[in-house]
Amino acid sequence: MKMVRAEAKAARNANRSSAWKSNYVAYGLLLGSVFVLFYLMVSTQFSYSQKALLELDRPTVDSAETILPKHGRNHPRQEDVIRTMEDFNREEEVAKAHTEQRHQEKQGESEQQWAQKNSIEEQSGHEMKSDNWEEKHQSEKEESLEESKQFGGGTDDYNNVADAKPICDTSFGKYDVCELDGDTRARGGPGATVTLVSPRAPPKEWAIKPYSRKYLDGLKAVTVKSVPNPENAPQCTTRLNIPAMVIELGGLTGNYWHDFTDVLVPLFIGARRFNGEVQLLVVNLLPFWVDRYKKIFGKISRHEIVDFENDDVVRCYPHVVVGYGSRKEFTIDPSLDETGGGYTMVDFTKFLRSAYSLPRHRPIKLGEVRPAGGRRRRPRMIILERTNSRKILNLAEVIAAAEAVGFKVIVAGRPRASYDAFTREMNSFDVMVGVHGAGLTNCVFLPTGAVLLQIVPYGRLEEIARTDFGNPARDMGLRYIEYSVAAEESSLMNVFGKEHPIIKDPAAVHMSGWGNVAEWYLAKQDVRINVERFKPSLMQALKQLQ
């Protein structure tokens, strides 16, 4: 009996447990369904809101966003800056990565288009830009305002132009440049500042060295600011309706190659788009230096040059550029030019010929007849004579070999006439010959299509020679020829002998540090050219003029 009762009790408990479990499962399913439905509703609404926010926020980019600086390759001249090969290689790798990134951005342009754009024939027919800056700038400003209204953002002043991109681009250490578009106020003096007043630009501040090689010691920084209210900026003393450009003439200014590489070429890149309607505010103004290149500065700007360090006037402009630089040594890569000018080194050399009224735009063609006497004209060759290091010890033999090939040869050292007359003399030559050095900078005055023959001293200096002059010469539309000096032609052979590492293993000398390279291969080497070995290079130069 007890057993029957126990079994009945167990059955009742089991039924009660099953009913409880069934109810639990049912409640769970119900709650789960409600949760899934609620999640789907919220997810759909969030996705829609996120998409709407993205659509609204897309045109309003923070104009004062700063970009972390990267360091690119800085390739100083041999005579001026000593650095280790380890630094050289590290900077080269960074610069290579930066260049590859830039070229990826330009991958839409085919190799065929690039070749056509850079051919000598195409470049020589390319006219110098002479767009009216004010009209072009006004058009861009109106387009920016219209876009701002279309997407529902901003105010109706043209400070909105500054919101299209960061005010200061510090993404490539050698090329830190600021573009301030709108109510911009430049105050000179020891603590010079350039301030953009824009209600949409959050307060920001940058210290910019307005010189190309920003890694050098002794350069002076200009403070660049953006403020939302006019009360936070210096009050205008004078206002001009033209752009301004803040530059520095410190650093390595005074070395002939650096004059062009670090100042004149970057200045052309940054200021030529304004077609003379720009005022230069110069830090570390060197009046004697500016006077030497006054024809170039007069072509860049029709306005007074301001000594910015000693200026006590608050000058207000609609547009100010702070800083300048070039992404490559002694040349212009239009694919890396962010000013929108699209200029090339052919444009730069045409600009120089215009500034100095140089008559020749093309070299002689072999077989041309002299107009008056009817005799065939011989192409003119200039051989640049060095007086310190890297001298041609058998210059007379080289001259005789060049004349035997068919050239009329002139030897030139440092210019004794005025610089204007010197540029006209350089323009009269069809071929320029010289040992690697600053004198080859004068190739900028040769007519497009002329020949540059660079003699590279012994010591694995070919890469440096091509970077400094070979590649720029090609970009100028010149025909480039390179002659590498053999160990037997170097004066170092007589000093050390063929078993010494300086002769036997130049790569080891490079690895030991830039100081040894500069001292021995550049500062203490002369050359004695083997004229028989050199003759094919002379013949090649002549052939290029056919």
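This is a predicted model: local features need pLDDT of at least 70, side-chain atom pairs count only at pLDDT 80 or more; totals for chains, interfaces and linings use all residues.
Let me start with strand E4, residues 204–208, and strand E5, residues 222–227, which are joined by five bridges and run antiparallel.

Let me move on to helix H6, which covers residues 256–271. This helix has 16 residues and reaches 21 Å from its first C-alpha to its last, close to the 22 Å expected at 1.5 Å a residue. At Leu264 the helix bends by about 30°, and a proline, Pro266, follows within four residues. At the N-terminal end, H6 is capped by Asn255, which places a side-chain oxygen 3.1 Å from the backbone nitrogen of Trp257. Is this helix enclosed or open to the outside? In the model, 16 of its 16 residues are buried, so H6 is largely enclosed by the rest of the structure.

A brief stop at a loop comes next, the one between strand E10, residues 314–322, and helix H9, residues 345–355, where we find Pro334. With a relative accessible area of 14%, Pro334 counts as buried, the cut-off being under 20%. Pro334 and Thr344 are 10 residues apart in sequence, while their C-alpha atoms are 6.0 Å apart in space.

Finally, I would like to turn to another sheet, an open one of five strands in the order E12-E11-E13-E14-E15, with parallel pairing. The edges are taken by strand E12, 408–412, and strand E15, 479–484, and each of these has a single partner strand, so one side of each is left without a neighbour in the sheet. From one strand to the next, the twist averages 20°. Further in, strand E11, residues 380–384, pairs with strand E13, residues 431–435, in the parallel sense over three bridges, and within that pair Ile383 stands opposite Val433 of E13. Packed on this sheet is helix H17, residues 531–543, which touches E11, E13, strand E14, 451–456, and E15, and whose direction makes about 180° with that of E15.

Conventions:
Residues are numbered from 1 along each chain as its sequence is written. Side-chain values use heavy atoms; hydrogens and water are left out. Two strands pair if DSSP finds at least two bridges between them. Helices (H or I, at least four residues) and strands (E, at least two) are DSSP runs, numbered from the N terminus. Axes are lines fitted to C-alpha atoms, for helices over the stretch in contact, and angles run from 0 to 180 degrees between N-to-C directions. Contact means heavy atoms within 4.5 Å. The expected span of a helix is 1.5 Å times one less than its number of residues. The bend at a residue is the angle between axes fitted to the seven residues ending there and the seven starting there. Buried means under 20% relative accessible area, exposed over 50%, partly exposed in between (1.4 Å probe, protein chains only). A polar contact is a pair of N or O atoms within 3.5 Å; within protein, one must be able to donate a hydrogen and the other to accept it, and residues adjacent in sequence count only if both atoms are side-chain atoms.
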